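Student: I'm new to this one. Can you walk me through it?

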Amino acid sequence: MSSRTTRRVDPGPRGQAHCGDPWVPALPPAQGRGPAGMTRFEFWGDEACRVPRLTKALIAVLAAEVVLFTLSAAFPPDMTRARQSSAVVLDQRGAWLRALPVEDGRWRIRADLERTDATFQKRLIKVEDARFWWHLGVDPLSLARAMGSAVVHGRVTSGASTLTMQTARLLEPRPRTLGAKLIEMVRAVQLESRLSKREILALYLTLAPYGGNLEGARAASLSYFGHEPSSLTDGEQALLIALPQSPEARRPDRRPEAAKSARRAVLDKMVRGGTISEAAAYEAENEPLPRRAAFPTLAWHAAGELARAAPKGQASVVSTLDADLQSRLEPMAAAVAAAQGPDATAAILVVEIRNRAVRASVGSAGRDRAGGWVDMTRALRSPGSALKPFIYAMAMDDGLVAADTQLTDSATRFADYQPENFDRVFHDKVTVREALTHSLNVPAVATLEKLGPEAFAGRIEAAGAHLARPKAQLKEAGLALALGGEGITWRDLVMLYAALGDNGIAKPLAWTEAEAATRERSGGTRLVRPEAARQVLDILREAPSPKGRAPSALTRGGPSMAFKTGTSYGFRDAVAAGVVGGYAILVWTGRADGGARGGLTGRDAALPLLFDVADAVGAQGSAPRPIAPKSAPPALQKLRADGGGPRLIFPPDGAAVQVEALGPKARGLVLAAEGEGLTWYVEGAPLDPDPVSGRAIWKPAAPGFYKLTVVDAEGRKAAARVRIRGE
């Protein structure tokens with residue numbers, strides 16, 4: 001009997017057998033014994049030994065991964081240069097408007113693979129990194145080949161850098177040493193673990209240098225070829241592949257021979273790789289080399305704003321702007337500003353009402369003019385009378401007036417506020433239609449008083465437009481709001497006019513095509529009811545056009561434009577806004593610093609430009625609405641109901657009036673009252689009307705208290721007790 005005995009056991013918690021050591025202390029003496037009293041146990045197969053070994057291996061791998069993950073998280077790749085890149089702002093059809101430079105004036109434009117020639121992408125990978133889609137950042141085959149070639153030749157004859165390694169080097173430039181190469185490999189693996197292959201390719205095409213201050217295939221394509229890299233010739237593709245390897249030595253605008261040689265070498269590689277025929281390569285080799293051109297800067301203010309607001313990593317911003325329209329309006333603004341003086345500038349906004357898409361935005365008359373760097377469409381300015389249509393629209397909406405409600409245009413004092421018409425001439429009885437058409441001030445203020453200035457301002461704010469009061473301490477809106485007493489941006493004002501053109505619905509402006517699609521579907525905010533909006537537009541269409549001028553696009557059967565002008569205090573702002581053919585248009589001229597200008601009104605300085613812009617837009621109008629009967633409902637025939645006698649307006653009862661001078665040579669006070677056949681009395685003595693103007697002008701002889709009485713043709717009277725103060 002052998003000295004060794006084999007015994008099959010079931011390993012369990014009580015067993016003391018160890019894998020790799022079949023000899024364990026004997027259990028019962030009856031079992032076969034081995035040397036020195038040891039008994040051999042045979043386990044049920046090899047699983048009991050194999051499982052612990054596999055567990056140890058998995059634990060080791062997991063520990064290594066944890067260590068590598070921790071190190072990678074603690075020392076991530078520096079993505080600063082990737083973040084410091086610029087999106088390209090495109091017009092609605094994809095035409096380049098503007099991009100922004102980054103540090104040191106470098107044009108690092110984010111690559112957009114969706115707008116980059118797919119054939120170019122395939123050829124780039126084929127030439128630079130054939131196994132790009134398969135390796136994990138480092139290509140072992142290329143590395144082995146490069147090391148073997150270096151051993152055979154005693155020097156480096158071929159590179160092993162993958163596109164991912166090149167991207168890592170572009171992110172963190174270092175001197176080309178062996179240590180730097182090892183760091184690139186580590187960084188490449190880190191990039192592969194963080195980004196997709198397409199993201200890495202886009203990052204390479206963003207950072208790749210192309211000579212001078214050009215970085216990225218989009219910047220190079222636009223500067224050298226004059227177009228986006230969405231469609232590239234064979235020669236253009238070869239040049240874009242060759243340049244990043246030695247951008248300064250191969251610049252086509254400075255070293256054409258070197259550029260030709262590098263392009264030829266890439267074409268040869270493409271022929272050997274089977275991505276191009278020899279005939280096509282020969283034709284591409286003979287393409288003329290490009291010269292560098294400046295980048296487009298259309299819609300400089302608006303496009304720059306969109307580029308700065310683009311989310312990190314977004315390559316393209318498809319705006320609502322129309323590059324063709326923008327390129328025609330910018331010279332028009334420059335010409336108008338030049339004609340109005342060296343300090344003048346201009347702004348234009350064109351909004352498609354259907355979806356609130358901003359089709360043109362001219363922020364100034366040019367950066368070479370005073371204040372040209374300021375986007376005047378965003379500046380707070382006084383609208384002058386341009387808010388009057390909304391006063392009447394809201395009054396109609398609230399049932400206070402109709403289009404032909406009778407208003408009084410006469411010298412009127414509203415508490416401590418006494419407005420005058422622009423031409424300082426009053427027209428007595430006028431309708432709402434006439435008051436709005438001729439932009440009369442007193443009727444507008446009277447209507448705003450009836451409506452309530454705070455309620456009016458609240459509805460404007462609720463629609464999305466911001467009104468800025470000139471003094472922070474003014475907590476409530478005043479009646480001066482009717483004449484431009486609060487500031488507003490032209491963007492907000494054109495939004496309000498677009499609401500008139502959309503049956504009273506206000507929506508924010510859309511600056512990107514994505515926003516425009518949302519605006520078209522959204523409900524918006526009700527500013528006024530549709531009928532009120534339509535009535536106001538009908539009235540505005542009756543306003544007289546500039547002398548001898550009508551939009552040529554609108555005289556071929558379309559309706560006339562509904563427009564309103566505004567002039568701020570001191571002629572600082574001349575604005576004109578209109579609604580025509582599905583568009584809301586606003587133009588402004590003035591000084592960027594808010595300085596006063598002599599005699600340039602909205603009608604003279606802005607309205608002709610508004611009509612020129614309407615021509616450029618070429619809006620196709622629909623048939624005009626039928627003319628409504630010019631009569632107001634009986635209850636709305638007058639804004640103020642008859643009170644059974646004259647109504648004394650100025651000076652009001654109990655007023656204290658400060659006069660500059662006293663006596664017969666003084667300017668005097670223009671007395672105002674509402675009524676027919678009025679006669680004025682001062683302390684019971686009749687006051688003769690002024691022989692020139694026919695008005696009742698009172699020239700107090702001395703300071704003190706006086707009783708004024710006005711009597712109408714039927715003998716009814718009104719009286720006021722006033723105090724005169726003066727030297």
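Tutor: We can go through a sheet, the cores and a few helices. This is a predicted model, where local features need pLDDT of at least 70, side-chain atom pairs count only at pLDDT 80 or more, and totals for chains, interfaces and linings use all residues. Residues are numbered from 1 along each chain as its sequence is written, and side-chain values use heavy atoms, with hydrogens and water left out.

Student: What order do the strands of the open sheet have?

Tutor: The order is 5-4-8, in an open sheet of three strands with mixed pairing. Strands are DSSP runs of E with at least two residues, helices are runs of H or I with at least four, and both are numbered from the N terminus. Two strands pair if DSSP finds at least two bridges between them.

Student: Which are the edge strands?

Tutor: Strand 5 (96-99) and strand 8 (316-318), each of which pairs on one side only.

Student: In what sense do strand 4 and strand 5 pair?

Tutor: They are antiparallel, over three bridges, with strand 4 covering residues 88-90. Val88 stands opposite Ala99 in strand 5.

Student: New topic. How many residues has the largest nonpolar core?

Tutor: It has 82 residues, and those with the most contacts inside it are Phe390, Phe456, Leu493 and Leu496. A nonpolar core is a set of buried Ala, Val, Leu, Ile, Met, Phe, Trp, Tyr and Cys residues joined through side-chain atoms within 4.5 Å. Buried means under 20% relative accessible area, exposed over 50%, and partly exposed in between, with a 1.4 Å probe and protein chains only.

Student: Which helix gives the most to this core?

Tutor: Helix 18 (residues 490-501), with nine residues. Domain 1 (80-286) and domain 2 (376-617) both give residues to this core, so it lies between them. The domain bounds come from an automatic or database domain assignment.

Student: What is Leu493 in contact with?

Tutor: Leaving aside neighbours within four places in sequence, Leu493 is in contact with Pro383, Ala386, Leu387, Phe390, Ile488, Val575 and Leu586. Contact means heavy atoms within 4.5 Å.

Student: And Glu192, buried or exposed?

Tutor: Glu192 is buried, with a relative accessible area of 15%. Its place is in helix 6 (residues 178-194).

Student: Last one: how many residues of helix 8 are buried?

Tutor: Nine of the nine residues of helix 8 (residues 217-225) are buried, so the helix is largely enclosed by the rest of the structure. Among them are Arg218 and Tyr224. Just after helix 8, Gly226 takes a positive phi of about 80 degrees.
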